[in-house]
Amino acid sequence: MQMVPSLPPASECAGEEKRVGTRTVFVGNHPVSETEAYIAQRFCDNRIVSSKYTLWNFLPKNLFEQFRRIANFYFLIIFLVQVTVDTPTSPVTSGLPLFFVITVTAIKQGYEDWLRHRADNEVNKSTVYIIENAKRVRKESEKIKVGDVVEVQADETFPCDLILLSSCTTDGTCYVTTASLDGESNCKTHYAVRDTIALCTAESIDTLRAAIECEQPQPDLYKFVGRINIYSNSLEAVARSINAFLIVYLFILLTKAAVCTTLKYVWQSTPYNDEPWYNQKTQKERETLKVLKMFTDFLSFMVLFNFIIPVSMYVTVEMQKFLGSFFISWDKDFYDEEINEGALVNTSDLNEELGQVDYVFTDKTGTLTENSMEFIECCIDGHKYKGVTQEVDGLSQTDGTLTYFDKVDKNREELFLRALCLCHTVEIKTNDAVDGATESAELTYISSSPDEIALVKGAKRYGFTFLGNRNGYMRVENQRKEIEEYELLHTLNFDAVRRRMSVIVKTQEGDILLFCKGADSAVFPRVQNHEIELTKVHVERNAMDGYRTLCVAFKEIAPDDYERINRQLIEAKMALQDREEKMEKVFDDIETNMNLIGATAVEDKLQDQAAETIEALHAAGLKVWVLTGDKMETAKSTCYACRLFQTNTELLELTTKTIEESERKEDRLHELLIEYRKKLLHEFPKSTRSFKKAWTEHQEYGLIIDGSTLSLILNSSQDSSSNNYKSIFLQICMKCTAVLCCRMAPLQKAQIVRMVKNLKGSPITLSIGDGANDVSMILESHVGIGIKGKEGRQAARNSDYSVPKFKHLKKLLLAHGHLYYVRIAHLVQYFFYKNLCFILPQFLYQFFCGFSQQPLYDAAYLTMYNICFTSLPILAYSLLEQHINIDSLTSDPRLYMKISGNAMLQLGPFLYWTFLAAFEGTVFFFGTYFLFQTASLEENGKVYGNWTFGTIVFTVLVFTVTLKLALDTRFWTWINHFVIWGSLAFYVFFSFFWGGIIWPFLKQQRMYFVFAQMLSSVSTWLAIILLIFISLFPEILLIVLKNVRRRSARRNLSCRRASDSLSARPSVRPLLLRTFSDESNVL
């Protein structure tokens, strides 16, 4: 199959979208004229680049991005201050942790970018074959130039955008899946240019001298306008909380530094304190301006207390997100045997957002349903046909109160079945020619739409078999085993605007027929009015039962009319400017004055456990919106079947049908909005938090809106408050438990998600879909979930997470999302807690050292506290903790509501952790201080110094914050034991090692033998144990009280479950309640 590249990759030519006009591409890069000079045009290359860095810009670009973080930039300033100003601590104490954080983050981001480079190289270095000088030349994909003739074998991936010149088939067709572009995995039929069909060899294609005049690159994947002239010779809730906590702690830091600076000069107001006899000032110090001295002292206190800002928290959070994402990929419950795949995490930065979702936006077809179509029944002239038989004769039953006939006209029945066999784009996938009925049973149909395959198979059940295309003729086997051939003159392809497709065929007798099928809203206005009622009842009834319906119509075209139509179609197809608009106008003129034949009903079955998943999400306090392009009746029935709507749900409709009851649509829309708002505001309390609980106990409301009404709301006049439709509409939506949006275009889906995202309080939104038409809403929401479905992988590729089935959303949110949020929220609070415990004794120490900026801890302890002594236990906790087991989380969705609204990172929990840290820090310092009231702590009369004092405080600190985490741990593994007890052992070992050797690179050996000497005192041992117990006593008391409450809550829960089982919410599955008569007509 030979093709010529028409466009460079869209990623490389993003700027081309704004260019207008056309351009010329020479096939094979050959000049079309021997006499004219040929100047090769310059286009973008074919390389794919998804990586972020290169070898040359990695260091500056990565450093720039990292120092955009407030904490990193702050510590950089502190480090520079320590280097330039005489501060009480060494620059190493700030520089080393900062260097560690920057290095680890850079390694992580560099590794991820290396993976992207490797993925790019797999594509760019892949082998392709180019036709050059009548030979097949092997090249790398990145070296393809615009104009090269590329040879693509069966089942190979296209290396670039291509124009089909020829194929191995005689009619120049090829079957293409565009999954890499739009996610559609179904086969689409493409036809080669008629004048190049015969050029199937390298020698013949090299003789081609042609120029393709086409439009400039543009982002629309489904639109390409061109012609070929042949000559004879494509921030999160947790982050907001972290930033808020940082601001609070930065304010605490500034306050501490300001207080200490002020009190220092109050202390030094006494001459003896300002210049004691043992610490006389130099002449330079006496001459220094007092304001400058105060400023440098303020900076020195800032450096001394700067460890209150947890810079290492960022690298721990990054590691927690990156490593934690593997648990989703490793979850065996997400594995699907049908596709032999499990879940995939494309973005690890949103794990905790899975536990904070407020709104779920879901597609219907392929997401809630299987996208596996089955022909159920049909209607011909108002008569319903159901069953499988080869006989057409028999009684037929009409719907509703219509008249009964003995039988419908047989010619009409055959006409209807011929329409099903001819009006489609289905192709047959077979290696050998199919002839006769003997091989018809082995036919494999392929199409871009599963609906079309279902209709063709439905016609086959009733005796009319489509045998494929041959040399421009469509072949059909009728009930009498006769082969009928129809010349395919034109195909009027389906599009989302027309919502119908047509074919123009010529019979063997020379008659020209147009067959059309499409949505009822698109077909009914174009047929005779008296024919509509016979079919409308059937269509509405099928839609209420959840079936997908299509109407079928036809008309005969006179030869003179066809000549005019043919001329108009050719002119429209050859137009370079406004081709789509011209073709749409011609199609619109052709598809008029048709005769309605009947309608079809196709069933799309619900996915396994879709209803149970939506019920669980509803019980968890999430609001589920279904956004679909299907008609209202079909989508409504599906919503009942999947339990989005319950039998007791009161539905509020804002649809074209309800608005068209009035002459002025806007006035009627305004009346409905006001009416619905009054009803809902009267029913529910105003508080959002109480509302989540209220709509699980009171009357439930659901809203149904269609695309045209949504456009009216979004585009309404805002001249007065009475016309502020959007505001009223949002108030209604917030009070409804479920919303169904039908007849939605992809852009409207994204608009709805954006509208909800911008609500007051910035609710977290999640979108889930399976097709390319869902990509816009997936990208618009905070969290995007792609289904690895039958409509391709474009949604899965553009999402943050991808799962095989909709049912996996339940565990992803209720279990993984819940645990991820609890873990990272505890991690954030714990980091601020342990750093306040760390720095508060340092602040209190200044009151006892004359505000001299004397450090309480040794520089090694300052550096190692966050990096080594306390980092691994919280990292293991944030990866492995299960405060509630997974089975309980999935079986009781109400647990999800306890963490909603960023509950664990609100002001209340933050103040609790802060006061707990303040209490423990005070106990550390003053407990040790009172211990030192005794002049001698040893029997030999030796007196402990300030470094021993600081080491005792630090020892109590390390053991307390580590044991605090041990008390919080509910799910113990060997890893937790190893890192918790191992960290404490490492601290003891390091202290002995650090103080047991005289280090040659240290100017002062102030910690020499301090730790060992300290532990030689029994009173020190008793003091450390006592202070640890006093510090943890409130936490131990709280745990005991919680356990008592938990036991009583379990008893109450068992009683409540017993009562709930008697008053469970009723549910109904209308798709399973068929009301068809056994006397339905059969073919």
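Visitor: Before we start, what counts as a salt bridge here?
Guide: A salt bridge is a side-chain nitrogen of Lys or Arg within 4 Å of a carboxyl oxygen of Asp or Glu. This is a predicted model, in which local features need pLDDT of at least 70 and side-chain atom pairs count only at pLDDT 80 or more, while totals for chains, interfaces and linings use all residues. Residues are numbered from 1 along each chain as its sequence is written, and side-chain values use heavy atoms, with hydrogens and water left out.

Visitor: How many salt bridges does that rule give?
Guide: The count comes to 38 salt bridges. One of them joins the side chains of Asp297 and Lys293, at 3.8 Å from N to O.

Visitor: Where do Asp297 and Lys293 lie?
Guide: Both are in helix H9 (residues 290-305), four residues apart, about one turn of the helix. Helices (H or I, at least four residues) and strands (E, at least two) are DSSP runs, numbered from the N terminus. An α-helix has 3.6 residues a turn, so residues three or four places apart point the same way.

Visitor: Is Asp297 buried or exposed?
Guide: Asp297 counts as buried, at 3% relative accessibility, whereas Lys293 counts as partly exposed at 38%. Buried means under 20% relative accessible area, exposed over 50%, and partly exposed in between (1.4 Å probe, protein chains only).

Visitor: What does Lys811 pair with?
Guide: Lys811 forms a salt bridge with Asp331, and the closest N and O atoms are 2.9 Å apart. Lys811 lies in helix H27 (residues 808-845) and Asp331 in the loop between H10 and strand E11 (344-345), so the pair ties together parts that are 480 residues apart in sequence. Both Lys811 and Asp331 are buried.

Visitor: And which residue does Glu414 meet?
Guide: The side chain of Glu414 meets that of Arg480 in a salt bridge of 3.2 Å, N to O. Glu414 is in helix H11 (residues 410-422) and Arg480 in the loop between strand E19 (473-477) and strand E20 (483-492), so this pair ties together parts that are 66 residues apart in sequence. Glu414 is buried at 8% relative accessibility, while Arg480 is partly exposed with a relative accessible area of 45%. A network of salt bridges links Glu414, Arg418, Arg480, Glu482 and Glu484.

Visitor: Changing topic, what is the span of helix H10?
Guide: Helix H10 (residues 312-330) has 19 residues and reaches 28 Å from its first C-alpha to its last, close to the 27 Å expected at 1.5 Å a residue. The expected span is 1.5 Å times one less than the number of residues. Among the buried residues of H10 are Tyr314, Glu318, Lys321 and Ile328.

Visitor: Which residues form the nonpolar patch on the surface?
Guide: Phe919, Leu1026, Phe1029, Ile1030, Phe1033, Ile1036, Leu1037, Val1040, Leu1041 and Val1044 form it, with about 870 Å² of accessible area together. Patches are made of residues with over 30% relative accessible area and no salt bridge; like charges are joined within 9 Å, and nonpolar side chains (Val, Leu, Ile, Met, Phe, Trp, Tyr) within 5 Å. Accessible areas come from the Shrake-Rupley method with a 1.4 Å probe; for residues, only the protein chains shown count as cover.

Visitor: Which helix gives the most to the nonpolar patch?
Guide: H35 does, with nine residues.
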